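Subject: Structure handover

Hello,

Here is the structure you are taking over. My notes on what was found follow below it.

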Amino acid sequence: WSAEERKNPLRYDATVSSWMQQVEAGFSRLHVPLNHAKSVDDGMGVEFQGATLHPTQHWLGTSVARRVMSTACTFAVLARHEVAPITVERLNGKLGYDDSFRVCTRSVKQDLFAWIHRHQHDRRRLQPLPASVWGELAVSALLAPLKQSSLDAPYCSRVECIDAAPGGHGRAWADFHTDVVHRSEE
């Protein structure tokens, strides 16, 4: 992502601003409207809409602080004897966003979605968590440090699409030659 081209990767300099202006000009030529309210001009390592791009280690994910908070919230829910399904549903939404930065972590949760779906009409009534759901939440929390993607990793020949819903998971994949994957980004 061109960070190596900067003279001092620890300092926010005019090069970054120049790159961003070139990207914005390209969008403008394509008649793509810019949303200036969503521009990030605060320097390196800022969190934007929940995502963080680490300025020197080149990983993309939710901030470490956010993942620590998600983990603490998960263990607070797991410590209860009974919990409202709406609480678990909201927690799962937060964990699901974290999962999106390391897609393989989504496969941990299966019984959780079925349990939430079963209780969709009594979401506020306290329920005991089944052991399998408790375990899925615990494993998801323990995987929090891994929920980031390295932008320096080599291209993978396997392309996957995953979608999770209360009724189950959808998953599709195909293997391509890395030249095809590399070309698709252009």
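Helices and strands here are DSSP runs, a helix having at least four residues and a strand at least two, numbered from the N terminus. The model is a predicted one.

On that basis, the protein has six helices and six strands. Along the sequence they come in the pattern α-β-β-β-α-α-α-α-β-β-β-α.

Sheet. An open sheet is formed by four strands, in the order S1-S2-S3-S4, with antiparallel pairing. Its edge strands, S1 (47-48) and S4 (148-150), each pair on one side only. Inside the sheet, strand S2 (residues 51-53) and strand S3 (residues 59-61) are joined by two bridges in the antiparallel sense. Leucine 53 stands opposite leucine 60 in S3.

Core. The largest nonpolar core has 13 residues, and the ones that touch the most other members are Val88, Trp115, Leu129 and Leu137. At least two residues of this core come from each of helix H2 (64-78), helix H3 (85-99), helix H4 (111-118) and helix H5 (131-142). Which residues does valine 88 contact, leaving aside its neighbours within four places in sequence? They are Val77, Val83, Leu112, Trp115, Ile116, Leu129 and Leu137.

Whole protein. Of the 186 residues in the protein, 27% are buried. The accessible surface is about 12,200 Å², and carbon and sulfur atoms account for 57% of it. Taking contacts between residues at least 6 apart in sequence, 59% join residues at least 24 apart.

Regards

Notes:
Residues numbered from 1 in each chain as written. Predicted model: local features only at pLDDT ≥ 70, side-chain atom pairs only at ≥ 80, totals over all residues. Heavy atoms only, no water. Pairing = 2+ DSSP bridges. Buried < 20%, exposed > 50% of the residue type's maximum accessible area, 1.4 Å probe, protein only. Contact = heavy atoms within 4.5 Å. Areas by Shrake-Rupley, 256 points an atom, 1.4 Å probe, with all protein chains shown as cover. Core = buried A, V, L, I, M, F, W, Y, C linked by side-chain atoms within 4.5 Å.
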